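Hi,

Here is the structure we talked about handing over. Have a look at the sequence and the coordinates below, and then read on for what turned up.

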Amino acid sequence: MTDNASSLAPRTPLTLLGTGAMGTALARAWLAAGHPVTVWNRTAARAEALAAEGATVAATAAAAVAANRLVIACLLDDASLEKALEDADLSGRDLVNLTTGTPAEGRARAAWAEARGARFVDAGIMAVPPMIGQPGSGAYVFYSGSSELFDEHRDTLAVPADTRFVGTDPGFAALHDVALLSGMYGMFAGISHAFALVREEDIPLKEFAPLLEGWLHAMAASVPETAERLTTGDYTTGVVSNLAMQVQAGQQTLLRTADEQGVSRELLEPVMRLMQRRLDDGHGDEDTTGLVDLLVRPATA
């Protein structure tokens, strides 16, 4: 087949349930790539704008599901998905769930879909709507569940954002998604505290910002090192800033500075309490990797 013939090959038709900000961005990406798209939204008026761009608007979710074998859901939550599909015939359908949820919800929804005759893949979108359909934006989506479904529809799923299949366990996409988001919020907490410390001083925030950004980027180099330590179980070899030093010398300086600057300690104290516990348990020669052990196996009081 020639490249020209390949470019003229028919695109996989698909159904998209949910036309909020993310759903609309997804639909537009598939439409722009030539995919026939049937859309449904609980509030019908929110789907009408896509009709002018070539989408077919279904009156009900059941009708939308009946229109195509590949059904993609991007709804508010897991309960919304179950409600939308309660009257739909899923037999023979390939259901891709882009609705944000937990690992347990992904696994339960997979069993639910399979019991109704569908193949199922759960997903976690690592992007915001403006990144969708934009080459080079860095957007990607985690997928997990039926590898056969994913392999068959990989090219279609890759249209709005890059794809990363993370396993046949349908909970793994949500787990990857939430783990990365959790790391992000921890970073945001540190950024908030740092800006709070300097905000009331004669320090231009726009000049401080690149210093903070550069420091965080440098410290991110510890991520693969932490993975290596957790894999090998060696938390001490090559440690240059051990827990004893950080707790006994560093923590009080950080806390006293917060007090002096009139800044709340509440973003620092939780992690500092974990560090103190790990030190009290006799692990002063480690770095902070051992905090993972405390989090996975919390003390039972």
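R69 counts as partly exposed, at 38% relative accessibility. Keep in mind that this is a predicted model, so every value here is computed from its coordinates.

What does R69 pair with? One partner is D94, and the closest N and O atoms of that salt bridge are 2.7 Å apart. D94 sits in strand β5 (residues 94-97) while R69 is in the loop between α4 (61-67) and β4 (70-73), so this contact ties together parts that are 25 residues apart in sequence.

E152 is another partner: its side chain meets that of R69 in a salt bridge at 2.1 Å, N to O. Here the link is between distant parts of the chain, with E152 in helix α7 (residues 147-157) and R69 in the α4-β4 loop, 83 residues apart. E152 is partly exposed, at 43% relative accessibility. Put together, R69, D94, R119 and E152 form a network of salt bridges.

The largest pocket holds about 2,300 Å³ of space. It is lined by 48 residues, and the closest to its centre are L216, M219, S222, V271 and T288. Which helix gives the most to this lining? That is α8, with 10 residues. The elements that each supply at least two residues are α8 (172-198), α9 (205-219), α10 (222-232), α11 (243-260), α12 (269-280) and α13 (291-296). By class, the lining of the largest pocket splits into 31 nonpolar, 15 polar and 2 charged residues.

The second largest pocket has about 700 Å³ of space. Its lining has 28 residues, with G20, C74, L75, L76 and T99 the closest to the centre. Two or more lining residues come from each of α2 (21-32), α5 (78-84), β6 (119-126) and α8. By class, the lining of the second largest pocket has 14 nonpolar, 10 polar and 4 charged residues.

Last, a bit on the strands. Strand β2 (residues 37-40) points V37 and V39 one way and T38 and W40 the other way, and all of them are buried. On one side of the pairing list, β2 runs parallel to strand β1 (residues 14-17), joined by 4 bridges, and L17 stands opposite W40.

A right-handed β-α-β unit is made by β2, helix α3 (residues 45-51) and β3.

Cheers

Terms used:
Residues are numbered from 1 along each chain as its sequence is written. This is a predicted model: local features need pLDDT of at least 70, side-chain atom pairs count only at pLDDT 80 or more; totals for chains, interfaces and linings use all residues. Side-chain values use heavy atoms; hydrogens and water are left out. A salt bridge is a side-chain nitrogen of Lys or Arg within 4 Å of a carboxyl oxygen of Asp or Glu. Buried means under 20% relative accessible area, exposed over 50%, partly exposed in between (1.4 Å probe, protein chains only). On a 1 Å grid over the protein atoms alone, a cavity is a set of points where a 1.4 Å probe fits but cannot get out, and a pocket is an open set with protein on both sides within 12 Å along at least five of seven lines; lining residues have an atom within 4 Å of a point. Grid points are joined across faces, edges and corners, and a volume is the space filled by probe spheres set on the points. Ala, Val, Leu, Ile, Met, Phe, Trp, Tyr, Cys and Pro count as nonpolar, Asp, Glu, Lys and Arg as charged, and the others, Gly among them, as polar. Two strands pair if DSSP finds at least two bridges between them. A crossover is right-handed if, with the strands pointing away from the viewer, the path from the first strand over the helix to the second runs clockwise.
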